[in-house]
Amino acid sequence: MTAKEFVKAIKKEKQNTMSVYFSNISETKVGQMIKELTNMGVPNEFLFQFVDTILNENYYHMMLALEGEASLDNIQMTYGLFDEDGNELTGSGDLESEAFKQFMAE
């Protein structure tokens, strides 16, 4: 797996999460809160953008932290992330670059 494939998989997971949150039958706490807010008159489109932005920023930050470019709880270090074939996904800057392309440069 490459850094690009890893980030793409995370992006797909985020999209799946958004689908669950905004489905009419969502049983998640977030989905229930979204329903409550739309029932209170908050536009669904606004809530979608809001939650999407939160997830983008958080996933991006976590991937930066894995590369050592951001801190986790005020601890900044580079982590080694490997796939099951032993391919390293961190350390080259590719993860950070792909994360920016797929999560922040939209």
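These legends describe close-up views of one predicted protein model.

Residue numbers start from 1 along each chain as its sequence is written, and side-chain values use heavy atoms, with hydrogens and water left out. In this predicted model, local features need pLDDT of at least 70 and side-chain atom pairs count only at pLDDT 80 or more, while totals for chains, interfaces and linings use all residues.

View 1. Helices (H or I, at least four residues) and strands (E, at least two) are DSSP runs, numbered from the N terminus. From that end, the order reads α-α-α-α. Along its principal axes, the C-alpha trace spans about 45 × 30 × 25 Å. Contact means heavy atoms within 4.5 Å. Among contacts with a separation of 6 or more, 58% join residues 24 or more positions apart.

**View 2. The surface of the protein chain comes to about 7,100 Å² of accessible area.** This area comes from the Shrake-Rupley method with a 1.4 Å probe; for residues, only the protein chains shown count as cover. Carbon and sulfur atoms own 54% of the surface. Of the 106 residues, 31% count as buried. Buried means under 20% relative accessible area, exposed over 50%, and partly exposed in between (1.4 Å probe, protein chains only).

**View 3. The protein chain carries 8 positive and 18 negative charges.** Lys and Arg count as positive, Asp and Glu as negative; His and the chain ends are not counted. Each charge is placed at NZ of Lys, CZ of Arg, CG of Asp or CD of Glu.

**View 4. Helix α1 (residues 3-21) packs with helix α4 (residues 94-104).** Two packed helices are described by the angle between their axes and the distance between the axes. Here the angle is about 35°, and the axes are 9 Å apart. Axes are lines fitted to C-alpha atoms, for helices over the stretch in contact, and angles run from 0 to 180 degrees between N-to-C directions. Residues of α1 that make the contact include Phe6, Val7 and Ile10. From α4, Leu95, Ala99 and Phe103 are among them.

**View 5. Asp73 and Asn74 sit in the loop between α3 and α4.** Helix α3 covers 44-67. Phi of Asp73 is near 55°, a positive value in a residue other than glycine. Asn74 also has a positive phi, of about 65°, and is not a glycine. Asp73 counts as exposed, at 69% relative accessibility. Asn74 is exposed too, at 75%.
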